[in-house]
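Subject: Structure handover

Hi,

Here is the structure for you to look at. My notes on what turned up follow below it.

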Amino acid sequence: MSRSHFRSAWLSVGLWGKCVTIGLAFLWFFMFGGIIYGQHESPAVPSDWMTPAERTDYRETPRYAETIAFSERLAAASPWVRLVHFGESGEGRALPLLIVAKDGTFTPEAARKASKVVVLIQACIHAGESEGKDAGLALIRDIAITKTRAELIDRAVLLFIPIYNVDGHERFGPYNRINQNGPAEMGWRATSAGLNLNRDYIKADAPETRAWLRLWNEWQPDLFIDCHTTDGADFRYNITYQFERHENAPMSIRQWMREIFEGRVVPAVEAEGNLVSPYIVLHDETDPARGIDEFISTPRFATGYVPLTRNRPALLIETHMLKPYRSRVRGTYDVLRFMLAEVNRDPASLIKAVRAADEEAGSWGRSYDPQRRVALEVEPTEGSVPFLFKGVRYRRELSEISGAVRIIYESEPLDLEVPLRNQARVSVSVAPPLYYIVPPQWKSVIELLAAHGVMMRRIEEPLTVEVESYRFRDVKWAPSSFEGRVLLSFVADPIHERRTYPRGSVLVPVAQPAARLILHMLEPQAPDSLVRWGFFNAIFEQKEYGEDYVLENLARRMIAEDPKLKEEFEERVARDPKFAADARARLRFFYQRSPYWDAQLNLYPVGRILNPIAVRSIELKP
Ligand SMILES: [Zn+2]
């Protein structure tokens, strides 16, 4: 039910039919077209304070310059609003941040001192998905200029990023979002360097991500909201949302989101005339009746990074792309408004949840307990709960274009009871050590840990120590690049050995609030580990080789000296035809068993230290 559906219905009838069509079209529009009955505009807005989107009746969204100009007007007109820049994009644009606070609490220290919660709202990480920008500007206007929502910052400091992907935003045009029903023109998904910022949260390749991490470390917000627009299926909801619900996220944070967001905010947003649902991923995109799969995040995503590594609740808002822009912006506004209302009503419960999550993570590295397993990844099971899906009628037919079954969405409502697959089990977990130790030559790794705000110590003398680590095998790189990197898969076999780490190596104490982040970055099996993102690729490269005629002589010598090795070799040749047919593999069999073989090949240089250590070290200043 896109615009084109509306238009074709319009054009296909004569004059008499037109009246009927107009009537039906209006009925359709009010029922399903997204002016979901009851959505309101902001109260009492003088015309000179209408946002750029409001002024165009939501046909347009403002460019970067116009957004900055409106933000500057807000800051100039209200002592509650400040506009600052928190960094620079690849192309050199300033990254804007509006700080909205009463009583002059414009710094993290002042906010903490006043016991206020800090809420970070982000828009346009995908620059074509601009609802958050237009909703946030309207909300700040209503808080600080017309003061119809002034109470929303009584006990909260609002940080608002109106456009995060500023370079992508200025790649402005009508053809950037094929699935989306307006605005007329919009920004582009990736940065000017071709990176999707919403996959960059761990590897932090983009300057925008580096700036974001500085902002996060400085403010340590208590709550984070990221504003998006869906792709995917058609249905009646104008607002969908997601947050992390499983064991890999801190329990106190999950509970807070269930109780406060789902228990209180969602009903309030619905009462305002929105139709709200958990994020919809169809199990079979040609057949909604087959049910819905829950989306589960990893730390590469903004709303994965925050709860899974930084112990804070994060809300993903996904407005429905086919609804009119007004409905999407106003729906986003309502979610932001009622979320802020809730944290003002009860800031203590949020602070308590955040503190509990920080304390839990901070306690792990104090002693080693092999039974204490921290979940780093979960995977969906077949388990499901019944879910009443508010969809639209559809039919399925064989397409002569694709040759496959296609779905054709119609406009009448259809309620379907479908399975919502929202159960998951832990697939990767580790027992946190006391420390990780990183050799000093892995500078990009150390520098990245620092950018994430991890506290570290540099040792001032060599350290010989028992460590746990990993030996990798079955290492395979993906066939194509992803986000500027080539990801790899592997099996990591745990090993235990004594190693000497040189002076200048970096100790990463796990006993800090960033413990989850440290595990995610340094445990190779974690879904977004630095090994997976390719930060350690050189350890998988063989550097020395033996010529075949040299290995021939080596093999003969080894067989002569060790009859058991000869047996082992012959047994392998007999049982493994692939091996038997591979001359190189047969020679390598001996090379790998000789002292010439590189013992450091496929060996993880980072160590896990399980016992207290005494070594001279200094704190690394971020
Ligand atoms: Zn998005």
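**Aromatic pairs**

Searching the whole structure gives 30 aromatic pairs. Rings of Phe, Tyr and Trp (its six-membered ring) pair if their centres lie within 6.5 Å; planes under 30 degrees apart are stacked, over 60 edge-to-face, and the rest tilted.

Before the details, some ground rules. This is a predicted model: local features need pLDDT of at least 70, side-chain atom pairs count only at pLDDT 80 or more, and totals for chains, interfaces and linings use all residues. Residues are numbered from 1 along each chain as its sequence is written, and side-chain values use heavy atoms, with hydrogens and water left out.

Trp212 and Tyr305 pair edge-to-face, at 6.0 Å centre to centre and 75° between the planes. Trp212 is in helix 8 (residues 207-219) and Tyr305 in helix 10 (residues 302-310), 93 residues apart. Helices (H or I, at least four residues) and strands (E, at least two) are DSSP runs, numbered from the N terminus. Trp212 and Tyr305 are both buried. Buried means under 20% relative accessible area, exposed over 50%, partly exposed in between (1.4 Å probe, protein chains only).

Phe472 and Tyr604 are edge-to-face too: ring centres 5.8 Å apart, planes at 80°. Phe472 sits in strand 17 (residues 463-477), and Tyr604 in the loop between helix 18 (583-592) and strand 20 (607-609), so the pair ties together parts 132 residues apart in sequence. Phe472 is buried at 2% relative accessible area. Tyr604 is buried at 2% as well. Ring pairs join a cluster that includes Phe472, Tyr604, Trp442 and Tyr470.

**Zinc site**

Which residues coordinate the zinc ion? They are His126 (ND1), Glu129 (OE) and His228 (ND1), at 2.0 to 2.1 Å. Donors are N, O and S atoms within 2.8 Å of the metal (3.2 Å for Na, K and Ca); water is not among the atoms, so sites may look incomplete. The donor spacing along the chain is H-x2-E-x98-H. His126 and Glu129 are buried.

**A buried Asn**

Asn238 lies in the loop between strand 5 and strand 6 (239-242). Asn238 counts as buried because its relative accessibility is 0%. Its side chain makes a polar contact with the side chain of Ser327 (3.3 Å). A polar contact is a pair of N or O atoms within 3.5 Å; within protein, one must be able to donate a hydrogen and the other to accept it, and residues adjacent in sequence count only if both atoms are side-chain atoms.

Best wishes
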